[in-house]
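Subject: Structure for your files

Hello,

Here is the structure you asked about.

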Amino acid sequence: PAEHFDAIVVGAGPSGNAAAYTMGKAGLNVLQIDRGEYPGSKNVQGAILYADALERIIPDFRETAPLERHVVEQRFWMLSEKSHTGTHHRSDTFNEEKPNRYTILRAQFDKWFSKQVREAGVTLITETTVTELVKNEAGKVIGVLTDREGGPVYADVVVLAEGVNGLVGQRSGLRSEIKPQHVALAVKETHFLPEETVRERFNLADEDEGVVIEVLGSVSSGMVGTGFLYTNKESISIGVGCLVADFAREKIPPYELLDRFKNHPSVKPLLKGAEMKEYVAHLIPEGGYDAIPQLTGDGWLIVGDAGQFVNAVHREGSNLAMTSGRLAGESLIALKAQGLPATNDNLKLYRDALEDSVVIKDLKKYRKIPGLLEKNRQLFTTYPALLNRSMNAFLRVDGRDKRSKETEILKGLKKARGNWLNVAFDMLKVARAWR
Ligand code: FAD
């Protein structure tokens, strides 16, 4: 008879690895399947790794994980065509013994994570795509079919950690297709530079310190989107992502947007002399709380990007993926210990754990943000442009008196939004969505 597993995990990204590791370490018989040549081979991230989520799974990860730089400075830029205005937060407290955020290269990181998963006793099969879920007459999921020869593989429960598209779930009728207004397409390049050049260009003390820059404004050419630039040890990751629905409407090729960003006068000097070695594109779930699909059913549950667990405001995804993976693993371990089957009713344990965690709490907090951004393009166009123009006028010393300048700035704001009421409404809308 075919081997029967306690759990099958579809996908070896952060969510699948977290779930598989948690269960494997507790002694469950787990099979993990990934379509990549090796875990991480096609996975894309900016990438910032948030230590806390991983630390709760592998406390001593810093000793062996391939980490690039820990983040000591975060910049936030409002971009206009020729300038940027922004804030920086740099702190020596980020140079703590156990730093809080790191830049990573996902291909290396996923490979490392997968090694830990296998060492925890999980069986991994790569270069294998799960095509469909197998159900019994009662509709309970009892296993998976793959593109390999041979019949189905059976398990008590299937953990869908398949990433943003959720194709297996869709094909098996568990969920609907992801909407174009709920997903961003991001393109990213990696530019290589000598380590000392990265250090000098970003004012860093050594090869372990890093800077990240998040960008809003003209970088998305009027679409709902953002840009980013992260320092790795010997390279810089730079990317831009906008809603798929916007790309379709505006007909701007994503690579053209990235090209413009790279050639922006604020960015170009940072990349000078660098050698571009990697170009990748990937989707990011951005629909927030209201885009979350059904997360559990009889014999199955969803973790990570497949559940739309991305906090677009804070650029957090991999940590929510790992947290949901861990909570799924812990819930399944608890059910197994009590001899309870993974029915939809019993998987309430997982749903409750999620509700109680940072994953759902944060997504709920920002529930109104995706709708706000979609309906208020001025937040990506008018305001960043205005801020830059105003700063420029304010700082330029040209013989005009300051009061006249202030009046001009305020007039510009009123004119850009038609009247003061619109400006007040904009502020109110942002404040209410943020609550
Ligand atoms: P994935 O990482 O997508 O992994 C899914 C896995 O499933 C893959 O290995 C894939 O091969 C496999 N798979 C899919 N379908 C099948 C199938 N049918 N059969 C077998 N295997 C299958 N998050 C952050 O925390 N910080 C950042 O800085 C950040 N920056 C980002 C920048 C970009 C450009 C992008 C695109 C995303 C970024 N994110 C960031 C989000 C983060 O990458 C995701 O939230 C995270 O990767 C989700 O993990 P996951 O395991 O759920 O999915």
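The notes below cover the domains, the ligand surroundings and one database annotation.

Please keep in mind that this is a predicted model.

Domains. The protein chain splits into domain 1 (4-67 + 104-176 + 293-356), domain 2 (181-285) and domain 3 (371-434). Taken over C-alpha atoms, the centres of domain 2 and domain 3 are 26 Å apart. In the contact between them, domain 2 supplies seven residues and domain 3 supplies six residues. On the side of domain 2 that touches domain 3, there are two nonpolar and five polar residues, and no charged residues.

Ligand. The ligand is surrounded by 43 residues, and the closest are G11, G13, G163, G304 and G317. Several elements give two or more residues to this shell, among them helix 1 (14-25), helix 4 (167-171) and helix 9 (318-337). Sorted by class, the shell around the ligand holds 18 nonpolar, 17 polar and eight charged residues. Domain 1 and domain 2 each provide at least three residues of the shell.

Annotation. An unreviewed UniProt entry lists residues 370-435 as "domain: FixC-like C-terminal". In the model, the span 370-435 is 77% helix and 0% strand, and its end C-alpha atoms lie 14 Å apart.

Regards

How values were computed:
Residues numbered from 1 in each chain as written. Predicted model: local features only at pLDDT ≥ 70, side-chain atom pairs only at ≥ 80, totals over all residues. Domains from an automatic or database assignment. Contact = placed C-beta atoms within 7 Å. Nonpolar A, V, L, I, M, F, W, Y, C, P; charged D, E, K, R; others polar. Near = placed C-beta within 6 Å. Helix = DSSP H or I, 4+ residues; strand = E, 2+ residues; numbered from the N terminus. UniProt positions renumbered as here; feature names shortened; annotations may be inferred.
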